[in-house]
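Let's take a friendly tour of a protein model. Have your viewer ready, and we will go through a surface patch and a helix together.

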Amino acid sequence: MGRLTRVLFLAGLGLAVYYAFFGGRHSVFEVRTAERDRAVLAAQLDSLERVNAGLAARVDSLETDPGTLERVAREKYGMVGPGEKIYWLPVADSTEGGGGPRTQ
């Protein structure tokens, strides 16, 4: 009976090792995959936090710096200041369309 007990013990141990590596929710392979996924997500989070910080700085500069607000108004919306004139100049390359506002 000692030999049968030893065979059963080794078989049970083999099944436990097999289950630890290949089976269940917490197998070695699942843990490695989860660790890789966590590293990828941490890198994405870091990148998004840097983008968010840059956008927060831009919002802050638009709210507090009149020069930044004026520059955006001129560049994006073509606004001009008092006493300035707008000149429309034709563009040599026909693929770019018509002229754009130019301030003096």
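The report below covers the patch, then the helix and its surroundings.

This is a predicted model, in which local features need pLDDT of at least 70, side-chain atom pairs count only at pLDDT 80 or more, and totals for chains, interfaces and linings use all residues. Residues are numbered from 1 along each chain as its sequence is written, and side-chain values use heavy atoms, with hydrogens and water left out.

Start with F9, L10, L13, V17, Y18, F21, F22 and F29, which make a nonpolar surface patch of about 850 Å². Patch residues have over 30% relative accessible area and no salt bridge, with nonpolar side chains joined within 5 Å; areas are Shrake-Rupley values with a 1.4 Å probe. A salt bridge puts a Lys or Arg side-chain nitrogen within 4 Å of an Asp or Glu carboxyl oxygen. Helix α1 (residues 2-22) gives the largest share of the patch, seven residues; helices are DSSP runs (H or I, at least four residues). Y18 is found in α1 and counts as exposed because its relative accessibility is 52%, the cut-offs being over 50% for exposed and under 20% for buried.

Now turn to helix α3 (residues 66-77), whose twelve residues reach 16 Å from first C-alpha to last, close to the 16 Å expected at 1.5 Å a residue (1.5 Å times one less than the number of residues).

| Side of α3 | Residues |
|---|---|
| Buried | T68, V72, A73 |
| Exposed, turned away from the buried side | P66, E75 |

Seen down the axis of α3, the buried residues fall within an arc of 135°, so they line one face of the helix; the arc uses directions from the axis to the C-beta atoms. These buried residues pack against α2 (28-64), where contact means heavy atoms within 4.5 Å. After α3 comes G78, with a positive phi near 70°.

Conventions. Patch = residues over 30% accessible without salt bridge, like charges linked within 9 Å, V, L, I, M, F, W, Y side chains within 5 Å. Helix = DSSP H or I, 4+ residues; strand = E, 2+ residues; numbered from the N terminus. Buried < 20%, exposed > 50% of the residue type's maximum accessible area, 1.4 Å probe, protein only.
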